[in-house]
Amino acid sequence: MSESGLSLSVFCVLGTEKGDEVAGPEMSLVCLTDFQAYAREHLSKSTRDFIEGGADDSVTRDDNTAAFKRIRLRPRYLRDVSEVDTRTTIQGEEISAPIGIAPTGFHCLVWPDGEMSTARAAQAAGICYITSTLASCSLEDIVTAAPEGLRWFQLYVHPDRQLNKQLIHRVESLGFKALVITLDTPVCGNRRYDIQNQLRRNLTLKDLQSPKKGNSLPYFQMASISTSLCWKDLSWFQSITRLPIILKGILTREDAELAVKHNVQGIIVSNHGGRQLDEVLASIDALTEVVAAVKGKIEVYLDGGVRTGNDVLKALALGAKCVFLGRPILWGLACKGEHGVKEVLNILTNEFRTSMALTGCRSVAEINRHLIQFSRL
């Protein structure tokens, strides 16, 4: 643990069903939905609801995956795909494939080592891991577990600026390469299952302390975040850090144009996995509008609904530089810990490589809008 009062550690009261063995499945898991099915069977109801739940009627959560299936591919052949290279870069850093790990909280709910296992898997895969403010392991422990991994840090902006400043300086000193500011949580979405399970009262960020009050902050208090965050506040963040600033949660042309105007370095098109405002656009449906608005001036990424290699290909063809996985990482972690996350990443990367070959793309640079046909159904 850090000597700082800002180390992030939670008391986890949820997990596997009582009596369950913490062991890998005997069945063969060959796609991401196989991991989902296994996790559903072996996690407690409270944990399962926390991972799978969406806001209100979960329309957007479900549409995130369904929207990808409304898009058809236009393959090209006779292109010599004997060698297919999935490598790319994000913010100037090379990654093995345009696939990363989105920020999700409380990994200790599904595996004892929590985010340390996730970080080791990301490092082994050569991809980016965005660590959440609500991580259940200290940042120091995560870095120690995977010292060579590419890490970005996701920030929920707290009303106390001094706490934000200390946390940002801490992640800088630990070698995180970018600051991801989540925009879509001025208030917490109406997550019915979490309310029924009283999740927010049962999870406590024991070591996240306010420098003014000195008391620990429970999850339900952290989830309220700053309700007053505005575009003008970005200049304050830019004044205290040299890290690239990525804005997570943008879904519209208007906000994308404002992001460019305020000189940030990237956007993650995201609807929070359908966990905040229900009945907004699926991430993949919002992507085209955002990409058109930034006019190539900053990098655009996507999370939400990615389950197959074809999904990755479609997102890149529509202008995303990289996609990030949320729930599938937790499914893998629940199944086999670090090895489960590695398998999820390996399966998706191999599927993506196959999708590239079958559409005639030998490198990520060859993936473009001409591969896409929107379904008329």
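This is a predicted model: local features need pLDDT of at least 70, side-chain atom pairs count only at pLDDT 80 or more; totals for chains, interfaces and linings use all residues.
Residues are numbered from 1 along each chain as its sequence is written, and side-chain values use heavy atoms, with hydrogens and water left out.

**View 1**
A cavity is a set of points on a 1 Å grid over the protein atoms alone where a 1.4 Å probe fits but cannot get out, and lining residues have an atom within 4 Å of a point. Grid points are joined across faces, edges and corners, and a volume is the space filled by probe spheres set on the points. By this rule there are 2 cavities of 30 Å³ or more, and the largest cavity holds about 540 Å³ of space. Its lining is made up of 36 residues, and those nearest the centre are P103, T104, Y156, H272 and R275. Helix 2 (45-52), strand 14 (322-325) and helix 14 (327-336) are the elements that give two or more residues to this lining, and helix 14 provides the largest share, 3 residues. Helices (H or I, at least four residues) and strands (E, at least two) are DSSP runs, numbered from the N terminus. The lining divides by class into 16 nonpolar, 14 polar and 6 charged residues, where Ala, Val, Leu, Ile, Met, Phe, Trp, Tyr, Cys and Pro count as nonpolar, Asp, Glu, Lys and Arg as charged, and the others, Gly among them, as polar.

An unreviewed UniProt entry places the feature "binding site" at S132, Y156, R191, H272 and R275, and S132, Y156, R191, H272 and R275 belong to the lining of the largest cavity. UniProt positions are given in the numbering used here, feature names are shortened, and annotations may be inferred rather than shown by experiment. S132 is found in the loop between strand 6 (128-131) and helix 5 (139-145), and it counts as buried because its relative accessibility is 3%. Buried means under 20% relative accessible area, exposed over 50%, and partly exposed in between (1.4 Å probe, protein chains only). R275 sits in the loop between strand 12 (266-269) and helix 12 (283-294), and with 12% relative accessibility R275 is likewise buried. Leaving aside residues up to four places away in sequence, R275 touches F50, I51, G53, G54, A55, G189, R191, D194 and R327, a contact being heavy atoms within 4.5 Å.

A pocket is an open set of grid points with protein on both sides within 12 Å along at least five of seven lines. The largest pocket has about 350 Å³ of space, and of the 20 residues that line it, T182, L183, D184, L229 and W231 are the closest to its centre. Strand 11 (residues 245-250) gives the largest share of that lining, 3 residues, and the classes are 11 nonpolar, 7 polar and 2 charged. The second largest pocket has a volume of about 220 Å³, and the residues lining it include R61, D62, R327 and W331. By class, the lining of the second largest pocket has 1 nonpolar, 5 polar and 6 charged residues.

C322 is in no disulfide, and the nearest cysteine sulfur, that of C128, is 7.2 Å away. C322 counts as buried because its relative accessibility is 0%, whereas C31, at 23%, counts as partly exposed.

Most residues other than glycine have a negative phi. D80, in the loop between strand 2 (71-73) and strand 3 (88-90), has a positive phi near 55°, and D80 is exposed, with a relative accessible area of 55%. Q91, in the loop between strand 3 and strand 4 (93-95), has a positive phi of about 50° although it is not a glycine, and at 24% relative accessibility Q91 counts as partly exposed.

Methods
A disulfide is a pair of cysteine sulfur atoms within 2.5 Å.
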